[in-house]
Amino acid sequence: MKFLLRTLSLSYVRRHMAKTLLTLLGVVVGVATFSAIRSAQGTLVQGIRSTVDRIAGKAQLQITMVGGVPEEVQERIRELPGIRATSPVIEQIVVPEKGELGSLLVIGIDLLGDREMRDYGFDGQDADLDDPLLFLAQPDSALFTREFADRAGLKIGEAIAVRAPKGVKRVTARGLLSPKGFSEAFGGNLMVVDVYAAQELFGRGRRFDRLDVRLDQGTSIAQGIATLEQALGPAYRVETPSRRGEQMERIVANFVSGFNISSGFALSIGTFLIFNAFNVAVNRRRRDIGTLRALGATPRQVQFLFLAEGLLIGIAGGIVGCLTGTMLSQGFLRMMGQTTETVYGVTSSGTVHLPPGIALESMALGILASLVGAWGPALTASRIPPTEALAKGAFQARLPTRVAPRIAAGCVALGCAILLAMYPPLGGNQLILSVLLLGGTGLVLLVGPLSRMLLQLFIPLAARFAPVSGRLSSDALLGSPRRTSGTVMAMAFSLTFVLGFGGYMGSTKATMTRWMDDALTCDLFVRASANFSRPDFLFPGALRDELLKVPGVRTVESYRGVHPLFRGQPILVGSIEVGPTMDRTKFEYLQGNPEAMRRGVTREGMCTVSENFSRKYNLGVGQQVELVTPSGVVRIPIAAVLRDYSSDQGMVLIDRTLFLRLWKDDRIDIFDVSITHGADAGQVRNAIRAQLAGKYPALVSTRKEFTAEINKAIDAFYALTRVTVFLALLVAFLGIVTSLLISVAERTREIGILKALGALRSQIGRSIVLEALALALTGLILAIPAGNLFAAFMEGAIAEFFTGWRMPHHYPWEILGQLLIALPLVSAFAAWIPARQAGRMKITEAIEYE
Amino acid sequence: MLKLHDVIKTYDGKSQVTALAGINLTIGAGEMVAIMGPSGSGKSTLLNLMGGLDVPTSGQVMVAGEDLARESEKGRSLFRRSKVSYIFQAYHLMPTLKVSQNVALPLHLAGVPAGEINRKVAQVLKEVGLEARSGHLPDELSGGERQRVAIARALVTGAPLLLADEPTGNLDTARGEEILNLLRTIHRERGTTIVMVTHDHHAASACDRLIKLRDGKVEGDSVQAGGGK
């Protein structure tokens with residue numbers, strides 16, 4: 001076998017280097033996408049875990065509460081039995097004015113009392129801070145890591161500008177941390193400030209983000225948790241740092257796992273390219289196969305030879321794919337990090353390294369994809385009778401003649417996929433995998449016979465418009481059913497993917513836009529933070545009265561969102577003055593009605609829940625939501641279920657009065673401002689800006705600006721998806737190029753004879769372009785219904801799994817329109833190289849071609 | 001060596017074609033036999049059945065004591081590897097392999113150790129007079145030389161039966177004569193049984209026996225006086 005590989009296979013590769021490279025590219029694209037996404041995802045999750053661990057230091061437990069831990073809690077727990085030390089912490093991500101330095105994680109701690117918790121390892125000649133009191137006395141004091149200071153060109157005593165919620169703020173380096181333990185958190189992009197300065201800087205009021213707790217020796221974690229829970233009550237969460245890290249990971253993992261579908265698609269399209277290339281190789285090398293069989297090669301030896309070639313392509317593609325993936329992964333991490341920070345308020349930084357586990361997994365997938373692609377052609381090769389392989393004239397590995405059972409099996413597989421998607425007995429990844437596998441199998445089985453039917457319809461049409469070229473291209477397509485169906489399959493798959501994802505994205509965007517038109521109806525939004533889920537700053541509640549005094553302001557509603565756990569999962573609890581909000585907002589009711597909502601929520605202490613919350617937790621009108629609040633556990637009856645896209649975690653909306661009563665926290669995320677009739681929104685905005693300038697960070701946006709920002713966040717969520725859609729199109733393009741190059745090679749003699757008979761270069765070139773068009777359009781025609789089904793599945797089951805929402809079906813007509821324009825151009829471009837090759841063929845050589 | 005009993009071969013297509021219509025034939029070990037007949041008479045089909053490249057629709061094909069009709073695909077492959085060798089009109093050399101590699105191919109398929117392969121290849125290349133061309137590719141050889149490479153490849157396994165399908169069909173008279181002489185030498189010195197399908201009366205006259213086929217049946221079977229000399 002080694003001899004055959006070294007001689008026969010290698011020489012085939014050498015003679016068809018360009019085609020081999022194109023085949024290889026299929027695996028490389030798939031493996032690179034997969035490994036880049038997985039390693040970026042791994043680094044993101046690992047970075048979050050590592051940051052949580054390193055910042056936790058020696059803390060064994062962490063106390064948190066929705067909305068922040070009040071200062072007095074530290075005093076309450078200090079004297080409890082088994083508690084050795086406590087330390088308050090505030091965490092916030094800021095961006096230096098020199099954006100290229102990367103985001104900085106600001107840690108606010110009590111520097112004097114924190115030594116029990118974290119080892120700072122001050123760097124340089126000083127064994128410690130020169131003067132801790134000076135550090136505390138100067139509110140602009142900060143510690144940086146040595147690594148960050150070097151990159152920023154920062155020395156002790158020098159200042160650096162950072163973008164804080166209240167505007168650009170200069171902070172002065174009073175000490176440098178050596179690169180170990182704590183200071184390695186967040187990839188070393190760390191800034192340590194005094195916790196009380198951080199309270200002021202980030203609008204935390206008299207609260208901390210959490211309290212870190214170290215236990216006495218001999219006190220177990222369980223004992224510590226029990227003591228603290230008993231002392232603090234259910235509103236406080238007491239957990240180990242690793243458990244807290246896991247929760248953050250779960251939030252992020254849910255988001256990034258969606259990308260695995262994209263990389264899976266890239267890999268499956270790569271498999272079809274290999275299938276196509278091997279099919280053609282079997283046809284081209286049938287004489288060699290015949291000779292080998294005549295010389296005594298067993299069918300298994302022939303099959304193993306092709307599989308070994310597939311294996312080598314898989315290994316080579318896997319290695320190159322992993323290397324390419326490593327190069328791409330840093331960019332993927334940046335995109336993922338930005339999105340998770342914007343959408344979830346969680347992120348990490350760091351350098352992506354390809355871990356051996358992911359490298360092996362990616363390699364294994366590349367090899368598997370390659371072997372799966374090569375399996376069918378290898379089996380066909382082994383089954384070619386030697387007499388047939390040695391026969392003269394055109395040859396095609398025979399297609400199975402029993403088309404009816406194939407169509408029936410394809411319909412059954414597709415039908416099962418549709419039924420499974422409509423009435424899912426399973427959930428989550430299992431459902432997605434089952435539906436994609438069954439749907440994919442159905443498509444594989446149906447594409448061959450259906451593409452043949454479509455191409456037969458193409459013949460009279462092509463012959464009518466281009467009598468010579470049309471006939472030639474039809475003959476070439478129908479004469480090589482395996483090559484044709486392989487290419488159409490790759491096209492159909494990638495276009496299904498593009499249409500499906502496009503439909504899903506279009507549906508999401510259209511739905512969100514409609515919802516924003518209905519729900520976000522005030523004229524101006526006054527926010528303290530650009531981050532939707534982890535606010536950098538909160539306004540004091542009293543600011544509402546100040547805003548009402550601004551000329552042109554008619555009403556102001558105060559929105560506050562918190563993220564408590566419900567049945568172990570974080571949810572959004574939103575609060576606003578519901579009565580005035582209802583006056584200006586058109587809610588869509590899935591259960592309940594406006595009267596019941598107004599009465600229940602404003603007067604009877606009830607709540608409304610979002611559609612995704614209702615579906616996820618199977619709760620509706622007449623039932624109750626049990627929430628753990630600082631005032632204890634409360635059960636809030638549900639007055640209505642609303643269509644709402646505020647949070648993919650699910651939202652519970654209560655009136656502001658109820659929130660104030662339960663959470664005892666009057667701070668505000670966003671003020672919804674409505675202006676008086678005839679007032680100019682721009683002028684009122686400027687007046688509010690002037691009113692708040694220097695006192696509070698204030699992002700004042702008009703409705704249009706605010707919705708544009710939300711749209712930008714949605715776009716960021718789907719940014720990676722766009723990359724993979726592009727990759728799918730690239731692979732489809734490569735499929736056409738490969739197929740046509742092979743077509744020209746197979747038809748060398750035929751082309752020679754045609755030229756000898758007087759066919760013009762242009763006629764032959766046109767036939768190849770027509771062939772490309774027919775392949776692309778057949779793929780598209782098959783992808784239109786398949787893409788529709790895939791879009792419906794994405795908008796239904798997959799959307800529900802990842803976001804909790806079921807999106808209404810939206811066919812991506814705009815993408816279809818774009819494809820109808822782009823595909824003929826792409827196909828004609830893909831046909832250009834093979835057409836040129838055919839045009840340049842020498843007649844004498846071509847007619848001698850065997 | 002070879003015994004065919006009531007061999008029928010039909011091909012199914014739009015209409016059924018009978019290639020061989022009841023062939024009964026015996027060829028003894030060490031014979032050199034020519035099979036002649038017009039196009040479509042079933043010559044090549046018969047040769048394919050003798051070499052286990054194809055199986056009959058009915059009947060028995062006994063070669064070296066084995067009924068090829070009853071053998072599995074793998075069994076027939078192993079049979080071809082050791083008991084029979086082929087020479088084709090179109091040579092069927094691997095265009096990307098050097099002469100020595102082409103000759104070595106069946107030995108590699110059989111898993112023969114490398115040292116033994118090198119020795120055997122050198123020996124047969126010397127026998128066919130191509131030791132100086134061992135490093136060349138088939139494209140760099142003349143037609144006669146290519147056929148000699150094919151003969152060397154057939155000889156290298158030491159198979160007792162050599163089947164030749166129009167071995168001189170692509171060659172001019174002088175090169176054809178060279179190949180016939182080589183086959184005669186092999187037959188004489190190695191005692192190899194040779195069955196040769198040909199259109200060429202001159203080539204057929206080089207054999208001990210001449211079998212004539214027409215419409216899938218044996219039309220004549222005669223011993224040729226002075227054949228093989």
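Phe144(A) and Phe148(A) are both buried, a term used here for residues under 20% relative accessible area, with exposed meaning over 50% and partly exposed in between (1.4 Å probe, protein chains only). Their ring centres lie 5.6 Å apart with the planes at 20°, so this pair is stacked. A pair of aromatic rings is described by the distance of the centres and the angle of the planes. Rings of Phe, Tyr and Trp (its six-membered ring) are taken to pair if their centres lie within 6.5 Å, and planes under 30 degrees apart count as stacked, over 60 as edge-to-face and the rest as tilted.

The model is a predicted one, in which local features need pLDDT of at least 70 and side-chain atom pairs count only at pLDDT 80 or more, while totals for chains, interfaces and linings use all residues. Residues are numbered from 1 along each chain as its sequence is written, chains are lettered from A and ligands numbered from 1 in the order in which they are written, and side-chain values use heavy atoms, with hydrogens and water left out.

Over all chains, the count of aromatic pairs comes to twelve. Among them, Phe525(A) and Phe706(A) have ring centres 4.0 Å apart and planes at 20°, so they too are stacked. This pair links distant parts of the chain, with Phe525(A) in strand E12 (residues 524-527) and Phe706(A) in helix H24 (residues 703-717) of chain A, 181 residues apart. Helices (H or I, at least four residues) and strands (E, at least two) are DSSP runs, numbered from the N terminus. Phe525(A) and Phe706(A) are both buried. An aromatic cluster is formed by Phe497(A), Phe501(A) and Phe790(A).

Helix H27 (residues 761-803) of chain A contains Gly787(A), which counts as buried at 0% relative accessibility. Neighbours within four places in sequence left aside, Gly787(A) is in contact (heavy atoms within 4.5 Å) with Thr496(A), Leu499(A) and Gly500(A).

Turning to charged pairs, the structure holds 37 salt bridges over all chains, each being a side-chain nitrogen of Lys or Arg within 4 Å of a carboxyl oxygen of Asp or Glu. One of them joins Glu71(A) and Arg206(A), at 3.2 Å from N to O. Glu71(A) is buried, with a relative accessible area of 16%, whereas Arg206(A) is exposed at 62%. In chain B, Asp67(B) and Arg70(B) form a salt bridge whose closest N and O atoms are 3.2 Å apart; Asp67(B) is buried at 10% relative accessibility, and Arg70(B) is exposed at 72%. A network of salt bridges links Arg560(A), Asp665(A), Arg667(A) and Asp669(A).

The two chains also meet each other. Their contact takes 22 residues from chain B and 21 residues from chain A. The area buried between them is about 2100 Å², with 68% given by carbon and sulfur atoms; buried area is the accessible area (1.4 Å probe) that two parts lose on being put together, summed over both. On the chain B side, His92(B), Met94(B) and Leu109(B) lose the most area to chain A, together 27% of what that side buries. The count of salt bridges between the chains is one, and the side chains of Glu73(B) and Arg293(A) meet in a salt bridge at 2.2 Å from N to O.

Chain B also holds an open sheet of six strands in the order E6-E7-E8-E3-E9-E10, with mixed pairing; two strands pair if DSSP finds at least two bridges between them. Strand E6 (84-87) and strand E10 (217-223) of chain B are the edge strands, each pairing on one side only. Strand E9 (residues 209-214) of chain B pairs with E10(B) in the antiparallel sense over six bridges, and Lys212(B) has Gly220(B) in E10(B) as its bridge partner.
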